[in-house]
Amino acid sequence: MILWCYLMAVFTDPGAVPENWRHDAEDSGNPSFSSSDEQESAPRYCSRCQNGKPPRCHHCSVCNRCVLKMDHHCIWVVNCVGARNYKYFLLFLVYTFIETVLDTLVLLPNFIEFFQDEHRRSSSPGDIAILFLAFVLNLAFALSLLCFIGMHASLVTRNTTSIEVYERKKSVSWKYDLGWKRNLEQVFGTKKLLWFVPLYSTEDLHNIPALRGMEFPTRSDAIV
């Protein structure tokens, strides 16, 4: 599962803006648009890509292109994390965390053995030292992953990205926050059985625009 999720996160395009894309407001005859990422309600334009910017889209300086619902550029997956591969990235984190926890539990007896009297040890001093170091590294990695997963769980349940955190703080109520259940469905889909595998149902891909990264439902009572 780790390998499957990792490869999906690496090789799935996070979402690119179609060439010559324009906001509906521009197509209807309103030529005014802003290059500021902070003006989400107005049509936006990327001067570097020379193209329109859909809602929640941001320019990645590493990939040198705009990415749909960009969260961040991840050096570990050598790819941007965006609308179309965010689920795969999250699952990769979760399964890697589970693996490191299992490794830590398996190495725990060796960690305890390190502090026992020398005559009670079943392994050589060199092996014990290596296993002790492996335990410490796995534990540290598991704890760091737990913090990272906790942060992203908070973002997902609030329908926010890492980039949008600052922007969300400036609004009284976040317009993309549809409630934790619908927020989860915006990332994982409505088919609960597929939440734990890096796949989407055809029905979800067709019925949930957020999974394609071009359109996002908003709250009618949102206050900016």
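A: Two packed helices are described by the angle between their axes and the distance between the axes. In this predicted model, helix H3 (residues 86–113) packs with helix H4 (residues 125–157) at an angle of about 150°, and their axes are 7 Å apart. Axes are lines fitted to C-alpha atoms, for helices over the stretch in contact; angles run from 0 to 180 degrees between N-to-C directions. Helices are DSSP runs (H or I, at least four residues), as are strands (E, at least two), numbered from the N terminus.

Q: Which relative direction do H3 and H4 therefore have?

A: Angles under 35 degrees count as roughly parallel, over 145 as roughly antiparallel, 65 to 115 as roughly perpendicular and the rest as oblique. H3 and H4 are therefore roughly antiparallel. By class, their contact (heavy atoms within 4.5 Å) has 24 nonpolar, 6 polar and 2 charged residues. Asp, Glu, Lys and Arg count as charged; Ala, Val, Leu, Ile, Met, Phe, Trp, Tyr, Cys and Pro as nonpolar; the others, Gly among them, as polar.

Q: Which residues of helix H1 are buried?

A: Buried means under 20% relative accessible area, exposed over 50%, partly exposed in between (1.4 Å probe, protein chains only). In H1 (residues 2–11), Cys-5, Ala-9 and Val-10 are buried. Their arc around the axis is only 130°, so they lie on the same side of H1. The arc is that of the directions from the helix axis to the C-beta atoms. The face turned away carries exposed Leu-3 and Phe-11.

Q: What covers the buried residues of H1?

A: The cover includes strand E6 (79–81) and H3.

Q: What conventions apply?

A: Residues are numbered from 1 along each chain as its sequence is written, and side-chain values use heavy atoms, with hydrogens and water left out. Local features need pLDDT of at least 70, side-chain atom pairs count only at pLDDT 80 or more, and totals for chains, interfaces and linings use all residues.
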